[in-house]
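Please keep the sequence and the structure in view while reading.

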Amino acid sequence: MKKHNFSAGPCILPQEVFQKASEAIIDFNGLGLSLIEISHRDKNFIEVMDNAQNLALELLGLENKGYKALFLQGGASTQFLNIAYNLLNEKAAYLNTGTWASKAIKEAKLFGELIEVASSKDQNFNYIPKGFSVPSDVDYLHVTTNNTIFGTQIKQDYDFGVPLVADMSSDIFSCQRDFSKYDVIYAGAQKNMGPAGTTLVVVKEDVLGKVERVIPSMLDYQVHIDKDSMFNTPPVFAVYVSMLTLQWLKDLGGIQAIEKINQEKADLLYDEIDRNPLFKGFAATEDRSNMNATFNLTDDTTKDIFDSLWKEANINGLNGHRSVGGYRASMYNALPLNSVEVLVQAMQEFEKRA
Ligand SMILES: *Cc1c(COP(=O)(O)O)cnc(C)c1O
């Protein structure tokens, strides 16, 4: 029986995507060949790559605006250094909102001067810093729009008059933003788009070519742009599944439509966290993530009761990250509203029993 999957990543994808992906593994496009045994230069795969790139730009509203979508390898973690390699000449500004932001900072420090414009480390990253300023002479500002581990989300699109770079690994395609305010957007596929193995990088081309260092080919965005994301063998399966998910999202009505559903799911869960005296939310109310809800028990001695209740309810992946503890319910695009209803029922049952 299909579980209610609240896993933070790799995570749930639409069931019809799993179905189509499994068919393509056996016989792709009726070719008598598997998707993963044909050449990536075959027109059947080139079409997949083109579709995936076009869908990504279309959904983000970035078609014909000077952007290019790339499907690279190495995870979002490789982008931490890739960003700096391609954009950091002298100094860059970073907003430190959690573990991933801290890791991005650590890598970029290898390439130049880093200015941490603000940090929420003082409160174990349970909020998004406000009211900070950014020096006008930095090469770019880097932000993490959704903090997967701590359950906070940046709800605005910053405009400091410097190039803006965002790690959107865990909230891309989940909510509307003015994506044209961003110069580089990157996201590991495995949070909201596909299986692990590819990373979407959306680059505004005119932000490139400004660093003086020599960039190794595999790390050079321009090389990948010039080769249409086919400089070397792309992760064909991960790109294909991402394409299927993006097509699913487009058919559903795009980001605008999914944002409404995501809001409904988040409201349902947060209302219960706030109402039920046995739970307390981790993240500051105004900065709560609609993707990853973090919460704790008010009395840890009741943990066994709650754990057995949600497991009995066929729920998977609810344990919080070790740096926060408690629980984390990840409500990515493909998670049905019904799964959140089942979780809320388990929380209400817990209130009766504990
Ligand atoms: C998961 C995650 C990463 C790391 O992604 P990998 O693809 O495993 O390198 C980076 N940033 C954020 C916000 C994440 O959620």
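Residues 24 or more positions apart account for 66% of the contacts in the protein chain with a separation of 6 or more, where contact means heavy atoms within 4.5 Å. The model is a predicted one, in which local features need pLDDT of at least 70 and side-chain atom pairs count only at pLDDT 80 or more, while totals for chains, interfaces and linings use all residues. Residues are numbered from 1 along each chain as its sequence is written, and side-chain values use heavy atoms, with hydrogens and water left out.

The overall dimensions come next. For 354 residues, a compact globule would have a radius of gyration near 20 Å, and the 21 Å of the protein chain agrees with this; the radius is taken over C-alpha atoms, and the globule rule is 2.2 Å times the number of residues to the power 0.38. Along the principal axes, the C-alpha atoms fill a box of roughly 60 × 55 × 30 Å. Of the 354 residues, 57% count as buried, a term that means under 20% relative accessible area, with exposed meaning over 50% and partly exposed in between (1.4 Å probe, protein chains only). The accessible surface comes to about 14900 Å², and 48% of this belongs to carbon and sulfur atoms; such areas come from the Shrake-Rupley method with a 1.4 Å probe, and for residues only the protein chains shown count as cover.

The chain contains nine helices and 14 strands. These elements are DSSP runs numbered from the N terminus, with helices (H or I) of at least four residues and strands (E) of at least two.

Helix H7 covers residues 254–275, and its 22 residues should span 32 Å at 1.5 Å a residue; the end C-alpha atoms are 32 Å apart, which agrees. The expected span is 1.5 Å times one less than the number of residues. The buried residues of H7 are Gly-254, Ile-255, Ile-258, Asn-262, Lys-265, Ala-266, Leu-269, Tyr-270, Glu-272 and Ile-273. Seen down the axis of H7, these buried residues fall within an arc of 155°, so they line one face of the helix; the arc is that of the directions from the helix axis to the C-beta atoms. An α-helix has 3.6 residues a turn, so residues three or four places apart point the same way. Lys-260 and Asp-271 are exposed on the other side of H7. The elements that the buried residues of H7 pack against include helix H2 (43–60), helix H6 (236–252) and helix H9 (337–353), together with strands E11 (279–281), E12 (292–297) and E14 (327–330).

Helix H8 (residues 303–312) has Phe-306, Asp-307, Leu-309 and Trp-310 as its buried residues. They cover an arc of only 165° around the axis, which puts them on the same side of H8. Asp-304 and Glu-312 are exposed on the face turned away from that buried side. The cover over the buried residues of H8 includes E11, E12, strand E13 (315–316), E14 and H9.

The structure holds 13 salt bridges, each a side-chain nitrogen of Lys or Arg within 4 Å of a carboxyl oxygen of Asp or Glu. One of them joins Lys-91 and Asp-137 (2.9 Å, N to O). This pair links distant parts of the chain, 46 residues apart, with Lys-91 in strand E3 (residues 91–96) and Asp-137 in the loop between strand E4 (113–119) and strand E5 (141–144). Another salt bridge brings together Glu-286 and Lys-130 (3.9 Å, N to O). Glu-286 lies in the loop between E11 and E12 and Lys-130 in the loop between E4 and E5, so the pair ties together parts that are 156 residues apart in sequence. Glu-286 is exposed at 54% relative accessibility, whereas Lys-130 is partly exposed at 49%. Lys-130 and Glu-286 also belong, with Asp-287, to a network of salt bridges.

Arg-177 and Asp-157 form a salt bridge as well (3.4 Å, N to O). Arg-177 counts as buried at 12% relative accessibility, and Asp-157 is buried at 19%.
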